[in-house]
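Open the model in your viewer and keep the sequence panel beside it. This tour goes stop by stop: select, look, move on.

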Amino acid sequence: MKKHHIQFEFTECSSTAELAAPDKRLLEAAIKARKNAYAPYSGFKVGAAVLLENGEIVVGNNQENASYPAGLCAERVAIFQAGAIYPNVAVLSVAISAAAEAHVVDRPAGPCGSCRQAMMEYEQKQNSPIRLLMQGEEGPIYICNAIADILPLAFGNSFLDNS
Ligand code: THU
């Protein structure tokens, strides 16, 4: 029997003042996108901004539905849109901003499992890491170096490859 130990490192910035200019811009784009979220059922609004290698920023926000499971998270709206418009351009970073109507979100909200899996697909496709920046409505910013770091033992296309 063998025990494995998985560790990962992420950076915490206490405010946007500590961010490099491109990261600050990306987070600002996520905050702006968050304000246009369609979240009448949960009152929880999320914005995501995807920075591509060509310098373009593609945004998304959560889109809810009266048939709840038909809605989609901000991160997937954004990354699918980026994949649709720029299918061959690598994703460098994704910024996520979350806020609730009923209370102040004062810590970063990590992406849900399905969004981690969806973003992981692009990381594997482009064979380079996607950085992740997250912030609540206020409070610290967490920066992760790769989606793989927050989705250990992930499922991926290598399991489907029989050649
Ligand atoms: N949501 C996101 O947009 N991203 C996440 O990673 C977590 C949750 C949305 C889905 C739903 O519209 C609302 O937040 C409450 O779950």
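**Stop 1: the ligand**

Select glutamate 75: an N or O atom in its side chain is 2.8 Å from a nitrogen atom of the ligand. Of the 380 Å² of accessible area that the ligand has on its own, the protein covers 73%. Keep in mind that this is a predicted model.

Now pick asparagine 62. One of its polar side-chain atoms lies 2.9 Å from an oxygen atom of the ligand. Alanine 74 uses its backbone instead: an N or O atom there lies 2.9 Å from a ligand oxygen atom.

Show the surroundings next. The residues around the ligand are Ser42, Phe44, Val46, Asn62, Glu64, Cys73, Ala74, Glu75, Pro111 and Cys112.

**Stop 2: glutamate 64**

Find glutamate 64 in the loop between strand 3 (57-61) and helix 2 (74-85). What is the nearest side chain of opposite charge to glutamate 64? It is lysine 45, 9.8 Å away. Glutamate 64 is buried yet has no salt bridge; the cut-off for one is 4 Å.

Leaving aside neighbours within four places in sequence, glutamate 64 is in contact with Tyr38, Ala39, Pro40, Tyr41, Ser42, Phe44 and Gly71.

**Stop 3**

Side chains of opposite charge can pair when their charged atoms come close. How many salt bridges does a search of the whole structure find? It finds two.

For one of them, select aspartate 23 and arginine 131. Their closest N and O atoms are 2.8 Å apart. Aspartate 23 sits in helix 1 (residues 21-34) and arginine 131 in strand 5 (residues 131-135), so this pair ties together parts 108 residues apart in sequence. Colour by accessibility: aspartate 23 is buried, at 10% relative accessible area, while arginine 131 is partly exposed, at 27%.

Is serine 93 buried or exposed? Serine 93 has a relative accessible area of 3%, so it counts as buried. Not counting residues up to four places away in sequence, serine 93 touches Leu26, Ala49, Val50, Leu51, Ile130, Arg131 and Leu133.

**Stop 4: a pair within helix 1**

Go back to helix 1 and select glutamate 28 and lysine 24. They form a salt bridge, with the closest N and O atoms 3.8 Å apart. Both lie in helix 1, four residues apart, about one turn of the helix. Glutamate 28 is partly exposed, with a relative accessible area of 43%. Lysine 24 is partly exposed too, at 32%.

**Stop 5: two backbone angles**

Select asparagine 127, in the loop between helix 3 (113-126) and strand 5. Asparagine 127 has a positive phi of about 55°, although it is not a glycine. It counts as exposed, at 71% relative accessibility.

Finish at leucine 153, in the segment after strand 6 (141-144). Leucine 153 is another residue other than glycine with a positive phi, near 55°. At 79% relative accessibility, leucine 153 counts as exposed.

Note on methods:
Residues are numbered from 1 along each chain as its sequence is written. This is a predicted model: local features need pLDDT of at least 70, side-chain atom pairs count only at pLDDT 80 or more; totals for chains, interfaces and linings use all residues. Side-chain values use heavy atoms; hydrogens and water are left out. Buried means under 20% relative accessible area, exposed over 50%, partly exposed in between (1.4 Å probe, protein chains only). Contact means heavy atoms within 4.5 Å. Lys and Arg count as positive and Asp and Glu as negative; His and the chain ends are not counted. A residue is near a molecule or strand if one of its heavy atoms lies within 4 Å of it. A polar contact is a pair of N or O atoms within 3.5 Å; within protein, one must be able to donate a hydrogen and the other to accept it, and residues adjacent in sequence count only if both atoms are side-chain atoms. Accessible areas come from the Shrake-Rupley method with a 1.4 Å probe; for residues, only the protein chains shown count as cover.
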